[in-house]
Amino acid sequence: MIIEKLVAGPFASNCYIVGSQSNKEGMIIDPGDDAKRILKKVGELKLDIKLILLTHGHIDHTGALKEVGEATGAEVAIHADDAKSLKEQPFSKMFGLSYPTPPPPDRLLEDGDSIDIGDLHFLVLHTPGHTPGGICLLGEGVVFSGDTLFNYGIGRSDLPGGSYSQLMNSLQTKLMTLPDDTIVYPGHGPETTIRAERRGNPFLRG
Ligand SMILES: [Zn+2]
Ligand SMILES: [Zn+2]
């Protein structure tokens, strides 16, 4: 599996470009900013982008969506409960950010949906708490955790639509149940593993 991380935007959000080695199909997870750099990297990797997957609807993960979507022609997928924030973007006003409004998503995700990119298979885990429609994407030995789980941290639950009890429930029932060796690729900051978080994350130890 090809996994490339680009850090972009004022919130240092992680955008991941994920691809299949065998047939060069790929997806982009969370194009938050800097569309040109994302597209340049896609070109270097020679990937045919089939899908743009959004872990949630916050502007720091979706700011470059319109430009990257138009350039790749890829389908855009987001959980149904976060789809409307793509259009409204409450945070762009709050933080004084301005990005072009993307068209409506092509695919609305639900818990348990499967996503296939070339020979790669992924499972959608609905993990509300940071936002109502936040998801994590589970692949073979990896999970893209959005703003639900960070390296020794967890997502904020004090933003509109957030819920601390939902977030803790998502973490305990969807992520802490994964195998220890699962590599976690979060929405901000460095990678980690489920083992490291189980042992050392101050929000999850116990
Ligand atoms: Zn967020
Ligand atoms: Zn974020």
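Let me begin with helix 1, whose buried residues pack against strand 1 (2-8), strand 2 (13-19), strand 3 (25-29), strand 4 (48-53) and helix 3 (65-72). Please keep in mind throughout that what we are looking at is a predicted model.

Which residues of helix 1 are the buried ones? In this helix, which runs over residues 35-45, they are Ala-35, Ile-38, Val-42 and Leu-45. Around the axis they span an arc of only 95 degrees, which means that they sit on the same side of helix 1. If you turn to the other side of helix 1, you find Lys-36 and Lys-40, which are exposed.

The largest nonpolar core consists of 21 residues, and Ile-17, Ile-28, Ile-38 and Ile-52 have the most contacts inside it. Helix 1 gives this core its largest share, which is four residues. There is also a second, separate core, with 18 residues, among them Ala-77, Ile-117, Leu-120 and Phe-122. As a general remark, nonpolar side chains in soluble globular proteins tend to be buried together.

Val-18, for its part, lies in strand 2, and it counts as buried because its relative accessibility is 0%. Among the residues that Val-18 touches are Leu-120, Phe-122 and Phe-144.

Now to the metal site. Which protein residues are the donors of the zinc ion written as ligand 2? They are Asp-60 (OD), His-61 (NE2), Asp-147 (OD) and His-188 (NE2), and they lie 2.1 to 2.3 Å from the zinc ion. The angles subtended by the four donor atoms run from 91 to 155 degrees, so the arrangement around this ion is irregular. Along the chain, the donors follow the spacing D-H-x85-D-x40-H. Since His-61 belongs to helix 2 (residues 59-62) and His-188 to the loop between strand 13 (183-186) and strand 14 (192-193), the pair ties together parts that are 127 residues apart in sequence. Both of these histidines, His-61 and His-188, are buried.

Finally, Asp-147 bridges the zinc ion (ligand 2) and the zinc ion (ligand 1), and these two ions lie 3.4 Å apart.

Conventions: Residues are numbered from 1 along each chain as its sequence is written. Chains are lettered from A and ligands numbered from 1 in the order in which they are written. This is a predicted model: local features need pLDDT of at least 70, side-chain atom pairs count only at pLDDT 80 or more; totals for chains, interfaces and linings use all residues. Side-chain values use heavy atoms; hydrogens and water are left out. Buried means under 20% relative accessible area, exposed over 50%, partly exposed in between (1.4 Å probe, protein chains only). Helices (H or I, at least four residues) and strands (E, at least two) are DSSP runs, numbered from the N terminus. The arc is that of the directions from the helix axis to the C-beta atoms. Contact means heavy atoms within 4.5 Å. Donors are N, O and S atoms within 2.8 Å of the metal (3.2 Å for Na, K and Ca); water is not among the atoms, so sites may look incomplete. Four donors count as tetrahedral if all angles lie between 85 and 135 degrees; four count as square planar and six as octahedral if opposite donors are over 155 degrees apart and all others between 65 and 115; anything else is irregular. A nonpolar core is a set of buried Ala, Val, Leu, Ile, Met, Phe, Trp, Tyr and Cys residues joined through side-chain atoms within 4.5 Å. Lists of a residue's contacts leave out its neighbours within four places in sequence.
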